[in-house]
Amino acid sequence: MERAGVTRGSAPRQRKGPGVMRRVAVLGSTGSVGCNTVELVAANPHAYEVEALVALRNVERLASQAREVRAKLAVVADESRYRALKSLLEGSGIEVAAGAASVVEAAARPSDWVMAAIVGAAGLAPTLAAVERGAMVALANKEVLVCAGALVTDAAKRHGARLLPVDSEHNAIFQVFDSGQAHAIERIVLTASGGPFRERSREAMAAATPAEAVAHPNWRMGAKISVDSATMMNKGLEVIEAHHLFDLPSERIEVVVHPQSVVHGLVYYSDGSVLAQLGSPDMRTPIANALGWPLRIPAPSPRLDLAALGRLAFEAPDLDRFPALRLAREALAAGDGAPTVLNAANEVAVAAFLDGRIGFLDIAAIVEEALAALPDRPIAELDDVYDTDREARAYASSRVGNGVRRAAGG
Ligand SMILES: NC(=O)c1ccc[n+]([C@@H]2O[C@H](COP(=O)([O-])OP(=O)(O)OC[C@H]3O[C@@H](n4cnc5c(N)ncnc54)[C@H](OP(=O)(O)O)[C@@H]3O)[C@@H](O)[C@H]2O)c1
C-alpha cells in the first residue's frame, strides 16, 4: 500500500516543465535546517523563487534571508517582533506579517514546495495547511508525524500532497525504498549516532549539563533535537516517523547505533540484498535531495573518503541507559494519543532541562510518568490531537514544577 505519496519512483505532481522555477516556502527558515535550505536555494537563484520565509523571533536573520533570496513574504510568529521586522525590511518591497495565523497563511499560499522545519508540535497547523493544498512537503519537523501521523498521512493522500522525508535516516530510506516492491521489503534500519553520552553511565548522565547535551559529536543542530539525540528520544521519534512514512510496524523498523553517522538508513529485501544510502553527516545532502526531487541538484556537503574512514562501526542500542527509545516504541504500540502524549511531555521536559530546571535523566522519567498518567486518549480528529497535547503539556509542566526532580542515576 502506498502511504502519503512517499514513493520513490513515480513523477511528482509537477505542473511545470523542466527548467521552470520551483516556488518554495521555508517554515523555520532561521533554524539549523532552515538556514541550510535557504543556503541551497540562494545558490540556485534561477531554479527557485521564494514565496515565504517564516521564523519565531529571530527577525534579524529572517530579514537578511528575505533580502538575500528576494522572498515575497516574511512572517514572524511572535507578534511582539512585528515592528522590528517591518523596520528591517523597510523599502524592500517584501510583505511582512506576524502571528500564528499568518504562519499558517504563509504555508497555505501557493507554492510548489514547502520546507517544514519548525521545531515541535507548533509546526502541525502550518504543515497541514501545506498538505491540504496538495503541495510537495519536505518534512524535517518530525514531531508533526509523531503527534498526528495518521491524520497528516491521510490528509496527504486525500489532497494528493507528497511528503518528502528530510530527516537524514528517512531520506536515506526514501532513496533506496522500492515502493513498487514493498512486499519484498523485510525491514528498514535507522542508524543512530548514539549522541554525546553514548559511552556514559546512567550515574554520569544524571549530572549532564545542557551545554554537554547539545554538543553533538557529528551534527550541528537546534537545541531541542540535540537534547533528543542525547536521550535517544530522537531515534524513538524517528521510529514513529518511519512507521507513518513507510507504513511499517515497529518490529520491522530497527535501530542500530553507528557512531560515525555515515550510513544513514538501510532497507533489507527478501532476496537478501541490503540497500543503504551513505554520505557525510551534513543535512545539506538530504535537504538538496528533497529540494530537487525527483532530480538531483548539487550540494556542497563534504564528500566521503572511504579509505580515510577505514572502518565503520555498528552496535545495538542500550535500552537500559536510554529508556526514551523504549518509551517511544511503547507509545507507538499503545496507539491512539500515546505518541501525542510522548511528544508533548518530551517537549516540555527538554525545555525545562535546557532552562536548568530539571536534570538530564528527568526528561525520560517525566515522559514515562505522562504516558502512565494519560492512557487511552482516542485521536479521531485534529481537535483530539490539540486536546491531548494540551493535557500532556499541563501534566508534564506540573511534574517539572513540583521540584521533585533531579533523579539520581539508575
Ligand atoms: N537540525 C537538524 O540537523 C535536523 C535534522 C533532522 C531533523 N530535524 C528536525 O527539523 C526540525 C527543525 O530542527 P532545527 O534543528 O532546524 O531547529 P532550530 O534550529 O531550533 O530551528 C527551529 C526553527 O523554527 C522556528 N520556529 C520555532 N517555533 C516556531 C513557531 N511556533 N512558529 C514559527 N516558527 C517557529 C525558529 O525560529 P527562531 O529562529 O526565530 O526561533 C527556527 O527558524 C525539528 O523538528 C528537528 O527535529 C533537524
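T30 is buried, with a relative accessible area of 13%, where buried means under 20% relative accessible area, exposed over 50% and partly exposed in between, computed with a 1.4 Å probe on protein chains only. The residue lies in the loop between β1 and α1 (32-43); helices (H or I, at least four residues) and strands (E, at least two) are DSSP runs, numbered from the N terminus. Leaving aside its neighbours within four places in sequence, T30 is in contact, meaning heavy atoms within 4.5 Å, with C35, V54, A55, N58, R61, L62 and Q65.

This is a predicted model, in which local features need pLDDT of at least 70 and side-chain atom pairs count only at pLDDT 80 or more, while totals for chains, interfaces and linings use all residues. Residues are numbered from 1 along each chain as its sequence is written, and side-chain values use heavy atoms, with hydrogens and water left out.

**The seven-stranded sheet**

Seven strands form an open sheet in the order β4-β3-β2-β1-β5-β6-β7, with parallel pairing; two strands pair if DSSP finds at least two bridges between them. At the edges are β4 (95-98) and β7 (162-165), each of which pairs on one side only. From one strand to the next the twist averages 20°, with axes taken as lines fitted to C-alpha atoms, for helices over the stretch in contact, and angles running from 0 to 180 degrees between N-to-C directions. Helix α5 (residues 124-132) packs on this sheet, touching β1 (22-27), β5, β6 and β7, and its direction makes about 150° with that of β6. Within the sheet, V114 has V137 in β6 as its bridge partner.

**The four-stranded sheet**

A second open sheet has four strands in the order β9-β8-β10-β11, with mixed pairing. Its edge strands are β9 (253-257) and β11 (274-278), each pairing on one side only, and neighbouring strands are turned by 20° against each other on average, direction ignored. Strands of a sheet pair through backbone hydrogen bonds, either parallel or antiparallel. The table sets out strand pairs from the two sheets.

| Strand pair | Sense | Bridges |
|---|---|---|
| β5 (residues 113-116) and β6 (residues 136-139) | parallel | four |
| β8 (residues 185-192) and β9 | parallel | five |
| β8 and β10 (residues 263-269) | antiparallel | five |

L190 has a bridge partner on either side: V255 in β9 and G265 in β10. Six of the eight residues of β8 are buried, so this strand is largely enclosed by the rest of the structure. Helix α11 (residues 233-246) lies across β8 and β9, running at about 150° to β8.

I173, placed in helix α7 (residues 168-176), is buried with a relative accessible area of 0%. Although I173 and L190 are 17 residues apart in sequence, their C-alpha atoms are 8.2 Å apart in space. Beyond its neighbours within four places in sequence, I173 is in contact with I188, V189, L190, F246, G265, L266 and V267.

R187 lies over the face of Y268, at 3.8 Å from the ring centre; a charge sits over a ring if NZ of Lys or CZ of Arg is within 6 Å of the ring centre and within 35 degrees of the ring normal.

Rings of Phe, Tyr and Trp (its six-membered ring) pair if their centres lie within 6.5 Å, and planes under 30 degrees apart count as stacked, over 60 as edge-to-face and the rest as tilted. By this rule the count comes to four aromatic pairs. One of them is the edge-to-face pair of F197 and F360, with 5.0 Å centre to centre and 90° between the planes. This pair links distant parts of the chain, with F197 in the loop between β8 and α8 (202-206) and F360 in helix α16 (residues 360-373), 163 residues apart. Both F197 and F360 are buried, and together with F353 they form one aromatic cluster.

F360 is also one of the residues in contact with T231, which, leaving aside its neighbours within four places in sequence, touches F322, A324, F360 and I363. T231 lies in helix α10 (residues 223-231) and counts as buried at 7% relative accessibility. A polar atom of the T231 side chain lies 3.0 Å from the backbone nitrogen of M233, a polar contact being a pair of N or O atoms within 3.5 Å; within protein, one must be able to donate a hydrogen and the other to accept it, and residues adjacent in sequence count only if both atoms are side-chain atoms.
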